[in-house]
Amino acid sequence: MLSWEPGVFYLDPFKALKVDAHVYRIMYRTTDRTGRAIAVTGTVLNPRKSQYGERPIVAFAPGTQGLADKCAPSRQLAEGTEYEALPVKKLLDEGYAVVVTDYQGSGTPGIHTYMDREAQGRAVLDSVRAAQRLDAVGLPDAGPVGLYGYSQGGGATASAAELAPAYAPELKIKGAVVGAPPADMNKVADSMDGSAYGAFFNYALSGLAASYGIDTDPYLTAHGKRVTSDLRDNLCTTQALAKYPFLNSRFLTVDGRPLTERLRRAPWDRIVADQRLGKRKPAVPVLLSHSALDDVVPQQVGKNLAADWCNRGATVKFVGNFIPGHIAATEATSTEGLPWLADRFANRTAPSTC
């Protein structure tokens with residue numbers, strides 16, 4: 001824990017609905033992809049009432065917020081503009097403390113390293129360590145922990161579950177709820193580029209380029225540079241999707257070819273391979289929720305991740321649904337994930353579909 005200050009959590013931008021919880025904005029130490037120490041911000045939320053003596057902490061990994069500093073979840077929770085506010089509140093209503101990371105470069109210096117598997121997973125795990133060390137909130141130093149995330153957050157949660165045995169072995173993680181994880185960037189990029197969520201592909205290119213020290217300017221036309229800069233510096237998710245619907249990378253490139261083709265050539269092929277989830281076994285039970293009608297991350301990507309984990313001996317319950325659209329299906333993950341998490345904190349045997 002580097003610093004903290006009192007915070008607030010509103011459900012609406014008019015700030016009429018204030019959540020009744022102790023809220024703290026924090027800055028804490030984590031490490032980037034290379035192992036370099038960096039400072040990251042986040043939010044710790046503690047319900048005023050809970051049925052738990054040793055209160056569990058749930059690390060909530062946010063979904064795609066945008067790359068601009070103003071999009072950091074800690075800022076949006078305080079402004080009442082966080083689109084994942086309801087899932088966070090539901091966890092508080094269950095009596096859990098919640099810690100929400102902003103990830104590397106979101107609200108702190110540098111570009112948000114969007115879709116960097118290791119940086120995101122480490123930020124999630126270190127957010128729990130920071131919450132445990134926040135004296136003002138009084139959470140147990142070695143209490144039960146849950147991991148939860150959807151979309152980008154699903155990938156970050158999956159990464160945290162995979163990294164935990166080596167990176168944070170002291171954490172008593174009881175289980176991980178993983179929703180619609182972008183586990184295979186090649187398949188997700190092909191699905192996204194030119195779609196209604198094309199801006200997300202541009203986010204990923206900027207985030208991974210920042211993490212691996214690659215200059216993308218030589219790939220882009222003047223128009224492509226302006227769009228990329230606008231997405232990186234000015235627009236949060238809903239604004240980006242409204243301003244750049246069906247963004248196709250081939251209209252941004254010097255050679256007129258989609259950037260998805262570059263992902264299959266050096267150095268991007270190695271970078272994309274580095275982000276692949278499923279190569280490591282989570283040591284904790286996982287619930288993986290994914291809609292068959294997901295229009296951003298194909299359900300087969302989630303099924304493949306579940307199968308990879310099963311083949312490595314993990315305990316995985318895969319739950320499919322038919323809720324139309326990536327965004328709407330967040331509700332299914334919450335509905336399925338809350339009772340599953342409660343069972344893990346009650347030390348009941350985890351179900352498996354392996």
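Predicted model: local features only at pLDDT ≥ 70, side-chain atom pairs only at ≥ 80, totals over all residues.
Which residues does Thr31 touch, not counting residues up to four places away in sequence? The first legend answers this.

View 1. Residues are numbered from 1 along each chain as its sequence is written, and side-chain values use heavy atoms, with hydrogens and water left out. Thr31 belongs to strand β2 (residues 21-31). Helices (H or I, at least four residues) and strands (E, at least two) are DSSP runs, numbered from the N terminus. Thr31 touches Arg36, Ala37, Ile38, Arg122, Asp126 and Tyr167, leaving aside residues up to four places away in sequence. Contact means heavy atoms within 4.5 Å. With Tyr167, the side chain of Thr31 also makes a polar contact of 2.9 Å. Such a contact is a pair of N or O atoms within 3.5 Å; within protein, one must be able to donate a hydrogen and the other to accept it, and residues adjacent in sequence count only if both atoms are side-chain atoms. Thr31 is buried, at 8% relative accessible area. Buried means under 20% relative accessible area, exposed over 50%, and partly exposed in between (1.4 Å probe, protein chains only).

**View 2. The nine-stranded sheet.** The sheet is open and mixed in its pairing, with the order β1-β2-β3-β5-β4-β6-β7-β8-β9. Its edges are β1 (3-6) and β9 (316-321); each has a single partner strand, so one side of each has no neighbour in the sheet. Neighbouring strands are turned by 20 degrees against each other on average, direction ignored. Axes are lines fitted to C-alpha atoms, for helices over the stretch in contact, and angles run from 0 to 180 degrees between N-to-C directions. Two strands pair if DSSP finds at least two bridges between them.

**View 3. Strand β4 inside the sheet.** Five of the five residues of β4 are buried, so the strand is largely enclosed by the rest of the structure. In a regular strand the side chains alternate between the two faces of the sheet. In β4, Ile57, Ala59 and Ala61 lie on one side, Val58 and Phe60 on the other, and all are buried. Strand β5 (residues 97-101) runs parallel to β4, joined by four bridges. Here Ala59 stands opposite Val99. Pairing with β6 is also parallel, over five bridges. Gly149 in β6 is the bridge partner of Ala61.

**View 4. β7, β8 and helix α11.** Strands β7 (residues 172-179) and β8 (residues 286-291) pair in the parallel sense through four bridges. Val177 has Leu287 in β8 as its bridge partner. Helix α11 packs on the sheet and touches β4, β6 (144-150), β7, β8 and β9. The direction of α11 makes about 165 degrees with that of β7.

**View 5. The Cys71–Cys236 disulfide.** The whole structure holds two disulfides, each a pair of cysteine sulfur atoms within 2.5 Å. One joins Cys71 to Cys236, S to S 2.2 Å. Cys71 lies in the loop between β4 (57-61) and α1 (73-79), and Cys236 in the loop between α7 (222-233) and α8 (237-243), so the pair ties together parts 165 residues apart in sequence. The torsion about the S-S bond is about -100 degrees, so this disulfide is left-handed. Both cysteines are buried.

**View 6. The Cys310–Cys354 disulfide.** The sulfur atoms of Cys310 and Cys354 are 1.9 Å apart. Cys310 lies in helix α10 (residues 299-311) and Cys354 in the segment after α11 (330-345), so parts 44 residues apart in sequence are tied together. This link is left-handed, with -75 degrees about the S-S bond. Cys354 is exposed, with a relative accessible area of 53%.
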